Each structure stands twice: as structure tokens, then as C-alpha cells.
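Please keep the sequence and the structure in view while reading.

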Amino acid sequence: MEFSVRIPFVELLGFELRRMDGGEAEIAFDPTADHLNSFDVIHGGASMTLLDVVMAHAARSVQPDMGAVTIEMKTSFMRAAQGPVVARGKLLHRTATMAFTEGSVYNAAGQLCCHATGTFKFVPRLPTGPGSTQPLNRVRTD
């Protein structure tokens, strides 16, 4: 499944969108040596990015014409994550402008590695690319 928007950092990390519908999303991540920390496990920043992206996609799955920007996120790490891993996000509640979500990352054995909750603000997606009136993919977040 293709991501509906281009996120260069997500491309760099190599995330694979597997599902995005009905308030849920799933993303696979098979890390390379560049994604590891000094203990040879997935760097916490990569795991947090994975959680952020899967929760945003769960939020956007109910209204894909809107963007979702992170307002806040709380992450708890249960065990070191070693790849490949899968992240699952779920929309818990939404208002007209906000989405409240949770996400979890699981290792290949199905063990929970980390969990997060996040709040996202829905914002209009602007046209980008050739022929667009917007030279950059910029959105107002206020």
C-alpha cells in the first residue's frame, strides 16, 4: 500500500504502510544498521517516529483529505525493539479538529516493545507539485 503523502523522513527510514482504514493503521519497519543505537537495537527515536506516523495515519484514515499534525505524544518503552517490527495505531476519539490516538510496536515474536498515546490536529492538505499554487508543502498549524 502506498503512503498518500510523501514524507521524506519516512522514506529514509523505509516504513511500509500495510493498512489504513476505519480508524486503524499498520506499518512495518525492517531496520538496517543505520537505525540502531549503541546497543544494536532499534534507536528510540526511530521507534517514536514509527509510533507518530502510525497514529497519524490511524487518525487520517477516517478523513484522508485532511492532514494530521502532532500536538503531543507520550511514549513508554517496555523492551528493546529488534527488527523487523510492526506498529499498529488506533483512533480512540475525534472531534472536528482533533484526534486522540494510541499506537504500539511489536517485535517478530508478537511482544510489545513500546506504546504511545498522541493528540493530532486535523489541518487542510494543500496541493503541491507541478501546476500547484503552493510551491512547498506548507500548512498552517495555528
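Is Cys114 buried or exposed? Cys114 is buried, as its relative accessible area is 1%. The model discussed here is predicted.

**Cysteines**
- Cys113 is likewise buried, with a relative accessible area of 0%.
- The closest cysteine sulfur to that of Cys113 belongs to Cys114 and lies 6.3 Å away, which is too far for a bond.
- A disulfide requires two cysteine sulfur atoms within 2.5 Å, and the count by this rule is zero disulfides.
- Cys114 is accordingly in no disulfide.

**Salt bridges**
- The structure contains five salt bridges.
- One of them joins Glu11 and Arg6, whose closest N and O atoms are 3.2 Å apart. Glu11 is partly exposed at 46% relative accessible area, whereas Arg6 is exposed at 57%.
- Another links Glu24 to Arg19, with 3.0 Å between the closest N and O atoms. Glu24 is partly exposed, with a relative accessible area of 29%, and Arg19 is partly exposed at 29% relative accessibility.
- Arg18, Glu26 and Arg88 belong to one network, built from salt bridges that share partners.
- Glu26 is buried, with a relative accessible area of 15%, while Arg18 is partly exposed at 46%.

**A residue in strand β3**
- Thr75 lies in strand β3, which covers residues 66–77.
- With a relative accessible area of 17%, Thr75 is buried.
- Leaving aside residues up to four places away in sequence, Thr75 touches Met48, Leu51, His115 and Ala116.

How values were computed. Residues numbered from 1 in each chain as written. Predicted model: local features only at pLDDT ≥ 70, side-chain atom pairs only at ≥ 80, totals over all residues. Heavy atoms only, no water. Buried < 20%, exposed > 50% of the residue type's maximum accessible area, 1.4 Å probe, protein only. Helix = DSSP H or I, 4+ residues; strand = E, 2+ residues; numbered from the N terminus. Contact = heavy atoms within 4.5 Å. Salt bridge = Lys/Arg side-chain N within 4 Å of Asp/Glu carboxyl O.
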